[in-house]
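Please read the following briefing alongside the sequence and the coordinates.

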Amino acid sequence: MYIDPHAHMISRTTNDYEAMAAAGIVAVIEPAFWVGQPRTYVGTYIDYLSAIVGWERFRAGQFGIRHYCTAGLNSKEANNEELAEGVMEILPRFALKDGVVAIGEIGYDEQTPLEDKYFRAQLELAKELELPVMIHTPHRDKKRGTTRSMDVALEHGLDPSQVIVDHNNEETVAEVLQRGFWAAFSIYPSTKMGDARMVQLLKQYGAERIIVDSACDWGVSEPLGVPKTAELALKSGVPERHVRMACYENALAAYGRSGQMRESDWLDPPPIDQRTLYAGNSILRGGREPHVERHEGGE
Amino acid sequence: MQIHAPELLSRWLEKQTSPESWRWLSERIARGAATPERDVFITLGLIPRRLGRADLALDAADLEAADAARPGWDPRGWSVDGAARVLVLLRTVAQGDKFPENFQRLCRTADVAEAIAFYRGLPLYPQGDRLEAQAAEGLRSNMSAIFEAVAHNNAYPRDHFDDHRWNHMILKALFVGSALAPIQGLDARANADLALMLFDYAHERWAAERGVSPELWRGVGSYATTPPMLADLARVLANGATVEREAAALALAASQSEDAAPILQSAPDLARRIETGALTWQTLA
């Protein structure tokens, strides 16, 4: 069993869901992020958040995959002040929806004053609502941006065990682990991390507080990043226990702090969920066909 | 004495939640219409965390009291969190004068469990006539549990939908594989236009070599009257599986047309069971 704790499924196809379920992925977390094209109205942002707490969750359930998400204003769109103010106003409506496991992904892109302002405001919201935080570390000026993200989180009184720092690489991981935060890695070969490099990191650092994800989205990315990395790690001699921690248990422990994500959600789903949301895991049920409801389709 | 819906919900919830949870909820709604919108949203979000998601336990007397409070209100299948969310709406936003606008905003950002609760509460809200467009949005959902929150065990569609909306609800229920039997007013609201739509739909299914739900023939009511319709029913009566034959027989028995009875008599065993009350839509469901 695997968890992919960073997957933008809203951009992926039903083929991806089938392949992910077949590869053993039982749960995904969909962080709220930008969608390639900037949003310019708070209304489109509301509908996006509604889609990831509602329809996408339902869609995943039809393939036997449990879908969770995070709610937040991303760093890129924080630079549109009018939009950002609107999103901050509606964010408390979404932060407590079923299956929202964190405030995220938030943090810095170009490290502008507006990004800083809304990052801090959202850290305060996470504190008020007792939710974990998923931090998106910047692509550029990464090392300093990562350090700064953690400084600011601590300044606002968050406990490192409540904060997942994502998109790490060889240059950032040591400090993140040393300061007690969760260190996540996105197996997104063109810009972030490759699976062979990830295996080296597991060998060097072990698996404590390390989380592997795919960050698959609308770009060239790999929805099977987690299972493929796990297989390569096992083949390369990484202990099975470490693979299980990095590709399943740690994500569950970190995001389970929200109270919104439990192993029983997929191992022993409550009847109400079976009636409404979740078709059960076809692998666990002996390879039965995913149950896809009849509906009016996408035309 | 008749007890109003919010009092009933309060009684049921107080009985089924811990004193601490109940006190929390009571405090969250104590300010009524003056509750800030942000607090309403946070209360709605916290309810499952504070009160849990158990089924609402109701006995026959509770169901009777519900029907007396609002004719047709059927809270069977409600959950504790769903009932608490409806109570929050009734005690806060519904106390103000802009309920339809606020209800629309709440539904637009609802998660699945919230949407189910909000739509199940439809018969209980003020200004019901102005909620019809949002109820229709619930019917458009691709998530069958949300569609069914409007369509099933809910008096709102029967009381507020015009024939056009009603007919499309019935047809969609068949289309997505939802049962018709839990739809309140199913028999009373049958109409000629719906019968035409249902026969057309049956033909589409047959053309694609797919079966037709026996419940489709119940939706036709007494309006299977034209010769092509009667010929269809005669064919199902002659060649269908047992349950399909029974359904066709019931539709023929209900038909307003004089030409229906002789066709029904071609299956004397079914005709007799209908006459004696041994075969009804209830026994079929």
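In strand S6 (residues 163–166) of chain A, Val163(A) and Val165(A) point one way while Ile164(A) and Asp166(A) point the other way, and all are buried, where buried means that 20 or more other C-beta atoms lie within 10 Å of the residue's own, exposed means 12 or fewer, and partly exposed is in between, with C-beta atoms placed from the backbone. In a regular strand, side chains alternate between the two faces of the sheet. Helices (H or I, at least four residues) and strands (E, at least two) are DSSP runs, numbered from the N terminus.

This is a predicted model, in which local features need pLDDT of at least 70 and side-chain atom pairs count only at pLDDT 80 or more, whereas totals for chains, interfaces and linings use all residues. Residues are numbered from 1 along each chain as its sequence is written, and chains are lettered from A and ligands numbered from 1 in the order in which they are written.

**Strand pairing in chain A**

- S6(A) pairs in the parallel sense with strand S5 (residues 133–136) of chain A over four bridges, pairing being assigned if DSSP finds at least two bridges between two strands.
- Within this pairing, His136(A) stands opposite Asp166(A) in S6(A).

**Chain A as a whole**

- Chain A contains twelve helices and eight strands.
- Its radius of gyration is 18 Å, close to the 19 Å that the globule rule gives for 299 residues, so chain A is as compact as a globular protein of that length; the radius is taken over C-alpha atoms, and the rule is 2.2 Å times the number of residues to the power 0.38.
- The C-alpha trace of chain A spans about 50 × 45 × 30 Å along its principal axes, and buried residues make up 50% of the 299 residues.
- Of the contacts in chain A with a separation of 6 or more, 73% are accounted for by residues 24 or more positions apart, two residues being in contact if their C-beta atoms, placed from the backbone, lie within 7 Å.

**Confidence in chain A**

- The average pLDDT of chain A is 92, and 90% of the residues score at least 70; pLDDT is the predictor's confidence in each residue, from 0 to 100.
- Over residues 281–290 of chain A, pLDDT stays under 50, and for this stretch the model has 18 contacts beyond four places in sequence.

**Local backbone features in chain A**

- Gly104(A) and Glu105(A) are joined by a cis peptide bond with omega about -15 degrees, and Glu105(A) is found in strand S4 of chain A.
- Glu130(A), in the loop between H5 and S5 of chain A, has a positive phi near 55 degrees although it is a residue other than glycine, and it is exposed, with 11 other C-beta atoms within 10 Å.
- Most residues other than glycine have a negative phi, and most peptide bonds are trans.
- Glu110(A) lies in the loop between strand S4 (100–107) and helix H5 (113–129) of chain A, and it is partly exposed, with 14 other C-beta atoms within 10 Å.
- The C-alpha atoms of Glu110(A) and Arg140(A) are separated by 7.4 Å, although these residues are 30 residues apart along the chain.

**Chain B**

- Chain B has 18 helices and zero strands, and its C-alpha trace spans about 65 × 35 × 30 Å along the principal axes.
- Chain B is divided into domain 1 (5–160) and domain 2 (192–284), with bounds that come from an automatic or database domain assignment, and the C-alpha centres of these two domains of chain B lie 38 Å apart.
- Buried residues make up 44% of the 285 residues in chain B.
- Eight of the eight residues of helix H9 (residues 144–151) of chain B are buried, so this helix is largely enclosed by the rest of the structure; among them are Ile146(B), Phe147(B) and Glu148(B).
- Following H9(B) comes Asn153(B), whose phi is positive, near 50 degrees.
- Gln127(B), in the loop between helix H7 (112–120) and helix H8 (132–140) of chain B, has a positive phi near 55 degrees and counts as partly exposed, with 13 C-beta neighbours inside 10 Å.

**Contact between the chains**

- In the model, 22 residues of chain A are in contact with 19 residues of chain B.
- Helix H2 (42–53), helix H3 (55–61), helix H4 (81–95) and helix H12 (271–276) of chain A each supply at least two residues of the side that touches chain B.
- That side of chain A has nine nonpolar, five polar and eight charged residues, where Ala, Val, Leu, Ile, Met, Phe, Trp, Tyr, Cys and Pro count as nonpolar, Asp, Glu, Lys and Arg as charged, and the others, Gly among them, as polar.
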